Amino acid sequence: MSYYDLRDAMAQSGCPVCRLKDDAVRRHLDGLLWESVNDSGVRHDIREARGLCQQHAWQLVEGGSSLGAVIIMRDVMQTVLRILDAARFQPPPPSLRRRAREMLTPGNPAPANTELVAQLGPQARCPVCLHAETTERVLITTLIEALRDQEDGLLADYRASDGLCLQHLRQALSLAQTSSVFDALIGVQRDIWQRTLQQLSEIIRKEDYRFRDEPRGEETGASRRAIAALSGPQIVTTRQP
Amino acid sequence: MTTERGSRRRGTTRHSSYYDLRDALAMRGCPLCRLIARVSERHLDFLLWERVMDPDLRRELRQSRGFCREHGWALVRPGASLAVAILMQDVLQDIMQSLDAATRPPAVDTRGRLVRLRETIGTPPPPETAEISASLEPRADGVCPVCAQCHTMEAIYLDVLLEHLTGPDNLYDAYVSSDGLCLPHLRRAVPRARSQAALGALLQAQRSVWERLSRHLCEVIRKNDYRFQDEPWGEEADAWVRSVAALVGQSFDANQPRRATTP
């Protein structure tokens with residue numbers, strides 16, 4: 001299944017793994033809201049993670065309010081309130097080293113209340129992040145296998161796409177076990193980024209007063225493509241207050 | 001932002017950060033998230049309009065392999081296309097050079113005889129992928145420059161907040177009537193508390209804020225019950241959004257007013 005998903009995603013803009021990972025996250029969040037709110041295991045995982053991570057928590061409510069999201073958030077909030085109820089002040093450990101550190105870096109004092117901070121921190125990873133990482137691994141493994149296949153491979157689709165983002169290229173490279181896959185990854189990615197570089201140069205050239213009247217071509221949007229390639233895809237959440 | 005504004009009262013000195021905090025506490029959402037959003041906006045403007053040709057910034061960006069995801073996309077703003085293109089071109093070029101350097105075969109073959117024999121009779125193994133993958137990672141101390149600025153300002157604001165939660169003209173009441181800190185910022189504030197009084201005030205105020213929010217969430221749940229669903233919505237209407245902001249923080253437009261929405 002992921003082979004065909006990858007092939008379709010390569011025909012669209014942006015890193016195909018980012019796109020499919022985002023789809024998987026949205027489906028997972030839908031499942032969480034409509035199927036698993038009262039699942040004690042799921043609630044335990046979310047409490048342990050002290051809620052979902054920032055990105056996934058905002059994605060959870062981007063479709064509007066739901067009773068499920070409210071129940072989940074209240075549960076985590078009650079957990080955190082219980083920790084606050086039991087909180088006691090714990091000074092930083094008295095030591096010469098600490099005093100020296102505070103004198104040298106006054107803006108970065110030795111931490112106090114370490115136990116409370118640890119309790120307030122996530123005791124487990126965001127469950128949606130874990131799901132996203134699993135999906136990511138499956139997709140990258142599928143891509144590597146498809147690049148190994150000479151006949152029904154995805155090399156042509158990969159070459160015509162916007163390529164992988166930097167993060168996913170790193171992951172793919174670490175899984176490439178043969179020279180042919182490695183060469184395909186590096187060769188194609190280099191061509192794609194070379195194209196982006198030329199387009200960026202074209203944007204810079206057309207900002208020059210001598211060429212600014214020239215019509216814009218395929219370099220339009222190259223800055224966005226470069227940001228997506230280096231920093232990952234844009235997170236669009238509509239519900240942020 | 002940390003310069004003294006010159007207001008001295010009863011022996012205390014107020015920094016402009018104090019007034020920033022006081023103003024942010026009067027608005028909706030976590031005051032630190034709001035202030036850091038403003039810091040980030042101003043710093044991005046500063047980078048884009050003043051420092052694009054600064055070799056230090058360009059070196060920092062090459063080391064961090066560009067901006068983090070949040071600040072990378074925050075670069076996209078009207079009139080910034082040239083600056084963004086120049087910065088991105090520089091980082092991409094550096095990455096391409098790293099790729100070239102990592103994939104170039106060594107001038108002298110230092111591999112053992114066994115490895116070379118295996119290559120002549122079988123499929124050649126891939127080059128050192130771990131090394132190449134590492135060459136694409138941010139280099140040592142390479143942190144998104146906007147994140148670095150935000151962390152510095154965050155520490156200053158948190159220290160000022162903790163300092164002014166107790167004593168005369170404190171911000172305690174303003175804190176209690178605000179939306180309080182979000183959980184990530186509370187976690188960063190707690191280790192900076194240097195006294196029982198400061199920590200006690202912080203946790204007491206935060207508890208009041210979250211207990212109110214928790215009551216609002218209960219009210220949202222109650223009004224989803226078919227028996228009470230015709231009751232009009234009150235101040236709990238947007239508690240579902242506030243609860244997400246309280247637990248994970250928010251990256252919002254610092255000047256955008258929040259609109260209450262009925263769930």
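One definition before I start: a residue counts as buried if 20 or more other C-beta atoms lie within 10 Å of its own, with the C-beta atoms placed from the backbone. Please also keep in mind that this is a predicted model.

I will begin with helix H12 of chain A, residues 222-231. How many of the ten residues of this helix are buried? Nine of the ten are, so H12(A) is largely enclosed by the rest of the structure. The buried ones start with Ala222(A) and Ser223(A), pick up again at Arg225(A), and go on through Ala226(A), Ile227(A), Ala228(A), Ala229(A), Leu230(A) and Ser231(A).

What covers those residues? The cover includes helices from both chains: from chain A, helix H10 (166-175) and helix H11 (179-206), and from chain B, helix H4 (69-74) and helix H5 (81-103).

Now chain A as a whole. Its secondary structure is twelve helices and zero strands. The C-alpha atoms fill a box of roughly 65 × 50 × 40 Å along the principal axes. The radius of gyration of chain A is 24 Å, whereas a compact globule of 241 residues would come out near 18 Å. Buried residues account for 36% of the 241 residues in the chain. Of the contacts in chain A with a separation of 6 or more, 74% are between residues 24 or more positions apart.

On to the helix pairs. Two packed helices are described by the angle between their axes and the distance between the axes.

The pair in chain A is helix H2 (residues 16-35) and helix H8 (residues 127-148). Their axes come within 9 Å and cross at roughly 140°. That makes H2(A) oblique to H8(A), and the crossing is right-handed. On the H2(A) side, the residues that meet H8(A) are Val17(A), Leu20(A), Lys21(A), Ala24(A), Val25(A), His28(A) and Leu29(A). Facing them in H8(A) are Val128(A), His131(A), Ala132(A), Thr135(A), Glu136(A), Leu139(A) and Ile140(A). The contact of H2(A) with H8(A) has nine nonpolar residues, three polar and two charged.

The pair in chain B is helix H1 (residues 16-25) and helix H2 (residues 31-50). Their axes come within 9 Å and cross at roughly 120°. H1(B) and H2(B) are therefore oblique to each other, and H1(B) passes H2(B) in a right-handed crossing. From H1(B), Asp20(B), Leu21(B), Ala24(B) and Leu25(B) meet Pro31(B), Arg34(B) and Leu35(B) from H2(B). How do the residues of this contact divide by class? Five are nonpolar, none is polar and two are charged.

That is the end of my part.

Methods. Residues numbered from 1 in each chain as written. Chains lettered and ligands numbered in written order. Predicted model: local features only at pLDDT ≥ 70, side-chain atom pairs only at ≥ 80, totals over all residues. Axes fitted to C-alpha atoms, helices over the stretch in contact; angles between N-to-C directions. Helix = DSSP H or I, 4+ residues; strand = E, 2+ residues; numbered from the N terminus. Parallel < 35°, antiparallel > 145°, perpendicular 65-115°, else oblique. Left-handed = near helix turned anticlockwise from the far one by under 90°. Contact = placed C-beta atoms within 7 Å. Nonpolar A, V, L, I, M, F, W, Y, C, P; charged D, E, K, R; others polar. Buried ≥ 20, exposed ≤ 12 C-beta atoms within 10 Å, placed from the backbone. Rg over C-alpha atoms; globule rule 2.2 N^0.38 Å.
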